[in-house]
Structure formats: C-alpha cells, structure tokens
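Trainee: Could we go through this structure together? I would like to begin with a pair of strands.

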Amino acid sequence: MKKVSLLLIVIIVISYLSCERDDICPESTPTTPSLIIDVYDFDDQESKKNVINLVISGVDNDDVLSGYELVSSNNIVLPLKTTENTTQFILIKEASVNDNGTPEDSTDDFYDGNYDTLTINYSRRDVYVSRACGYKTIFENVTLTIEDDTDNWILSQQPLNPNQSVEDETTTHFNIFHQ
C-alpha cells in the first residue's frame, strides 16, 4: 500500500512540475489585431468628427458588429477575416430602425440611413506567438476602398503609412473624412 501511495505522489508531483507557465495564454498577449480607423471632418481635416447613429455590419451577413448599433463615434475598430484576403463592411450614417410597418414584429426590421461600403484588401501572414497562444495573423499591404455610390458620406480615406500593415491595435491605421 505504501508503494502505491508513493507512486501516486510521484505521479502527481511529476504532472504538476510538467505544467509550464505558458500553458495558459495571458490576456495581455497580443493576438490577431483589428483595423483601427479614426474619423475626421472633411472640411477641417485636423478635427475628429463623430459619425452620428452609426451602424456597422458585414457585407456577408446582416449581423451588426458588436458595439456599433446606433452609436456616435469618431473611432472605428474593424475585425478582419483571417481566412480570406478581403473583408467588407457596410457603415450606415444617421441610421434609424424601420419597423417595416409592423412594430410588433422585429424580424422584418431594417436600418434606414446613408449606406457606404468599405472594402479592405490585404495579404496575410501567420506568426507563431507561443505554445499556449498559438498563432496570430498579421495583415500586410492593407488597402481601404470606399465603394462609390450616388450619395457617399465617406468622402476620402488616408492610410497612415505607405504599404500599411496591421500588426497591433495600439495605433490608427487609416483616417476617413466625412461631412
């Protein structure tokens, strides 16, 4: 019985010592970054300007991006797809909910407002972070295009660096200008 207890204690000690500190990915570890966009006034390009009642959704689905449902903001954080080289978003300025004449039924509601579509193209590079955290994706040669329509509210864009890359979420990557 003593041999079994001693063997059990040895197994527990060995398994405890074999755990390394990096078996859990710390929250402070940088992971795949999002694209950061600051929003400025087109007429005074040194002044940030809020987009009022902003709604953002992906083009591929009707889901509103978390944190961007009827908000006022001069800073936009957009997640990029890690499995494709293009991500598209619809940004709706001065949005309001249209209940489609059926206020009791929210399943047919949609947003009215000024729609602009952003297309973000990039190349991807996966970078090893650690055993616990795995890989993160770095986005390189990032370009942002505003699809032209008859009533664009986003009038221009400007990358902050030539050959813009998105490697972290601590700095702005693009500025957009609107009225």
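**A strand pair and the core**

Mentor: Leu35 stands opposite Leu78 in strand S4. Strands here are DSSP runs (E, at least two residues), helices are runs of H or I with at least four, and both are numbered from the N terminus. The model is predicted: local features need pLDDT of at least 70, side-chain atom pairs pLDDT 80 or more, while totals for chains, interfaces and linings use all residues. Residues are numbered from 1 along each chain as its sequence is written, and side-chain values use heavy atoms, without hydrogens and water.

Trainee: In which sense do S1 and S4 pair, and over how many bridges?

Mentor: S1 (residues 35-41) and S4 pair in the antiparallel sense, over 4 bridges; pairing requires at least two bridges found by DSSP.

Trainee: What does Ile76 touch?

Mentor: Leaving aside residues up to four places away in sequence, Ile76 touches several residues, including Leu35, Ile37, Tyr68 and Ile176. A contact means heavy atoms within 4.5 Å.

Trainee: How many residues has the largest nonpolar core?

Mentor: That core has 25 residues, and Ile76 and Leu78 are among those with the most contacts inside it. Such a core is a set of buried Ala, Val, Leu, Ile, Met, Phe, Trp, Tyr and Cys residues joined through side-chain atoms within 4.5 Å.

Trainee: And the whole chain: how many helices and strands?

Mentor: The protein chain has 1 helix and 9 strands.

Definitions and conventions:
Buried means under 20% relative accessible area, exposed over 50%, partly exposed in between (1.4 Å probe, protein chains only).
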